[in-house]
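Me: Can you walk me through this fold? Keep it quick.
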Amino acid sequence: MLTIKLAEEIVHQTMLRLHRNINVISPTGVILASGDKMRIENIHEGALVVAKTKNTLIINEQNIDRYPNTKPGINMPIMYQDEVIGVIGITGHSEEMLEIANLVQLTTEIMTHQAIVESKSEWQRKNNDYIFEALVHGSKLDANLQERMQKLPFSLEAPFQILLLHIEEPFDSANSITLFFENLFYKQPVLSGHSQLHEYYILLTNCNKNVQQQIFKALRKKKQKLATLQIGIGPTVNNLSQLPHSYNGAKTALAFASTNNTMTYFEDIELFSLMKNRDSDEVKTFQERVLNNLNTKQIETLQAFFDCNLQLKLCAQQLNIHRHTLSYRLNKIRELTGYNPQYFDDAVVLKMACSLR
């Protein structure tokens, strides 16, 4: 965990302030970095003792014979999660450095901890991006992908929803998006990251209305500060194999997003995605979502109503039923689908669903 690059940075930063030679040594006793370049890659016998005992070792004229190839000074363990990951040594007479030794040790451990955390965060970001790209492009859940998913700090549980954000702000503002995500999704089961140039993704897992509302509220507030921010929201899906549908829905929503809209839902512009092959996944999903709860008689009633150009009296006559019966059926269709056949916008959706069957 203690790299040569990090060791050199510790030596450089510490010596700038201390004006004394500093050695950073591996747990195996190898000097990784030093103000005295001739000592690099030599074995430091005192550091081996420190790594083994986890205790500070002072080398002076009285005991230096026990530690060949060393110089007088103080050698202290660099700890991470109760493990010795290295040793830092300050060359010189111990009496002159006792007051600053603990501060040097603390500063070194802080620098080390920060570097390790940043390294882990960078790896986690890359892992998130890999998992997201694999899932939204329909990759098989092979051993490698499953192993990566197990290293997430949470499990991927349904339902899922994908949001895509596009921003044309300068690079420094774009950086704030990543930090914004980290703060917003802290300890939440959300996968987020940088997808493409100017585009960021959010994958909500195990999402519910409360979580959605909190996130959407924060995104609306963010848009007030970033004028070019556009947000496309894909449909909610119930298993990992459907994530490509949610992703493509979010892409379509983003493509047709208006600068006047805070957010664009796929359902609001779903009709645009249907100008494709009738056998496409979008068409099939659209049909199922709109008509899935209707039985054959209700669909036939709906089709007859459209054939009669939304005229209740004419439709009732054609179906040979009372007008009140027709109104009852249309109200039932509204309850089951959420679309009112007697309202123009809703009728368009229902008509397209029927026509594409």
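Predicted model: local features only at pLDDT ≥ 70, side-chain atom pairs only at ≥ 80, totals over all residues.

Reply: Residues are numbered from 1 along each chain as its sequence is written, and side-chain values use heavy atoms, with hydrogens and water left out.

Me: In what order do the strands of the open sheet run?
Reply: S2-S1-S5-S4-S3, with antiparallel pairing. Strands are DSSP runs (E, at least two residues; helices are H or I, at least four), numbered from the N terminus. Two strands pair if DSSP finds at least two bridges between them.

Me: Which strands stand at the edges?
Reply: S2 (31-34) and S3 (57-59). Each has a single partner strand, so one side of each is left without a neighbour in the sheet.

Me: How many bridges join S1 and S5?
Reply: Four, linking residues 22-25 with residues 83-91. Isoleucine 22 has isoleucine 90 as its bridge partner in S5.

Me: New topic. Is threonine 108 buried or exposed?
Reply: Buried, at 1% relative accessibility. The cut-offs are under 20% relative accessible area for buried, over 50% for exposed and partly exposed in between (1.4 Å probe, protein chains only). Threonine 108 sits in helix H3 (residues 94-136).

Me: What does threonine 108 contact, leaving aside neighbours within four places in sequence?
Reply: Ile10, Ile78 and Ile88. Contact means heavy atoms within 4.5 Å.
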